[in-house]
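Hello,

Here is the structure I promised to pass on to you. Have a look at it first, and then read on for what turned up in it.

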Amino acid sequence: MNGTDGARSVVVGSGFTGLEIATELAERGTVVMIERADTVAPDLGPGPRPQIEAALAALGVEVRLGTTLTAVDETGAHLVDGTRLEADVVVWTGGMRASLLTAQFPGERDRLGRLLVDRRLRVDGEIFAAGDVAAARADADHHVIQSCQFATPMGKAAGHNAAADLLDVPLVDFDPDPYVTCLDLGSAGALYTTGWERQVQLDGAQAKQLKDTILDVIHPPSTTRRRSSGRRGSRATVSAAELRR
């Protein structure tokens with residue numbers, strides 16, 4: 001089911017970004033996905049893996065596990081085992097780290113370089129952090145991941161608390177909605193999961209419709225963009241509870 005454009009793509013990494021890019025590029029040519037772990041999408045866990053593997057197979061994405069990239073030249077990619085893959089484009093999705101700007105602030109950091117914050121997103125004293133640079137607690141057992149699902153409410157809470165601290169009024173705790181994911185898989189559909197075990201609730205066309213709705217609802221406001229749903233106003237929010245209805 002590869003596309004007919006003839007593009008040759010190598011995607012390094014099979015996390016959220018790698019999977020969404022690989023499944024879209026599959027419509028335009030051949031795709032080889034490189035993953036250094038022994039399983040596809042290791043960080044997503046075993047819950048959604050059967051559906052992910054089935055989607056990659058249906059789209060003709062070749063997956064090479066237990067290997068990694070060593071070099072890229074103008075016409076291809078070189079793997080650690082000496083293999084060279086011809087490629088028109090190589091996409092690196094090997095993970096994220098916090099901005100180096102965090103080095104300007106005191107405080108403890110996690111393995112991703114994120115500043116550890118308390119329930120009110122305070123680093124220390126008058127310093128608050130939010131988004132991809134902050135390691136906040138999502139619940140008693142998990143820290144947030146670097147995603148818009150957490151960054152958006154973190155920004156609201158941190159902004160409120162920074163202003164409240166200046167005005168000497170009560171601060172609020174960061175209290176995110178339950179964790180959910182919605183992974184696009186190109187023409188193979190999508191996956192919608194709940195909880196940190198990522199239990200699949202929807203897949204295929206149903207999950208794709210939900211993914212499209214999420215993108216429409218949380219898309220940054222634009223004065224020129226016209227919503228197809230006919231909603232009025234420039235802002236809209238959606239909660240995890242609403243998505244599960």
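Is Arg8 buried, partly exposed or exposed? Arg8 is partly exposed, because its relative accessible area is 31%. The cut-offs are these: buried means under 20% relative accessible area, exposed means over 50%, and partly exposed is in between, with a 1.4 Å probe and protein chains only.

Before going further, a word on how to read what follows. This is a predicted model, so local features need pLDDT of at least 70 and side-chain atom pairs count only at pLDDT 80 or more, while totals for chains, interfaces and linings use all residues. Residues are numbered from 1 along each chain as its sequence is written, and side-chain values use heavy atoms, with hydrogens and water left out.

**The overall layout**

The protein chain has five helices and 14 strands. Both are DSSP runs numbered from the N terminus: helices are H or I with at least four residues, and strands are E with at least two. Of its 245 residues, 37% count as buried. A contact means heavy atoms within 4.5 Å. Among contacts in the protein chain with a separation of 6 or more, 47% come from residues 24 or more positions apart.

**Salt bridges**

Side chains of opposite charge can pair when their charged atoms come close. A salt bridge here is a side-chain nitrogen of Lys or Arg within 4 Å of a carboxyl oxygen of Asp or Glu, and the structure holds ten of them.

One of them joins the side chains of Arg8 and Glu86, at 3.9 Å from N to O. Arg8 sits in strand β1 (residues 7–12) and Glu86 in strand β6 (residues 84–86), so this pair ties together parts that are 78 residues apart in sequence. Glu86 is also partly exposed, at 46% relative accessibility.

Another salt bridge brings together the side chains of Asp73 and Arg84, at 3.0 Å from N to O. Because Asp73 belongs to strand β4 (residues 69–73) and Arg84 to strand β6, the pair ties together parts that are eleven residues apart in sequence. Asp73 is partly exposed at 33%, and Arg84 is partly exposed at 31%.

A further salt bridge links Arg122 and Asp165, whose closest N and O atoms are 3.5 Å apart. This pair connects distant parts of the chain, with Arg122 in strand β9 (residues 122–124) and Asp165 in helix α3 (residues 148–167), 43 residues apart. Arg122 has 22% relative accessibility and counts as partly exposed; Asp165, at 28%, is partly exposed too. Through shared partners, salt bridges also join Arg8, Asp73, Arg84, Glu86 and Asp88 into one network.

**Cysteines**

How many disulfides does the structure hold? There are zero, taking a disulfide as a pair of cysteine sulfur atoms within 2.5 Å. Cys148 is exposed, with a relative accessible area of 51%, whereas Cys182 is buried at 14%.

**Nonpolar cores**

A nonpolar core is a set of buried Ala, Val, Leu, Ile, Met, Phe, Trp, Tyr and Cys residues joined through side-chain atoms within 4.5 Å. The largest one has 19 residues, and Leu19 and Ile52 have the most contacts inside it. At least two residues of this core come from each of α1 (16–25), β2 (29–35) and α2 (49–58). Not counting residues up to four places away in sequence, Ile52 touches Leu19, Val40, Ala41, Leu44, Leu183 and Leu191. There is also a second, separate core of 16 residues, which includes Leu115, Leu121, Ala136 and Met154.

**A buried serine**

Where is Ser14? Ser14 is in the loop between β1 and α1, and at 1% relative accessibility it counts as buried. Leaving aside neighbours within four places in sequence, Ser14 is in contact with several residues, including Leu19, Met33, Thr39 and Pro42. Ser14 and Met33 are 19 residues apart in sequence, and their C-alpha atoms are 7.1 Å apart in space.

Happy exploring, and do write back with any questions!
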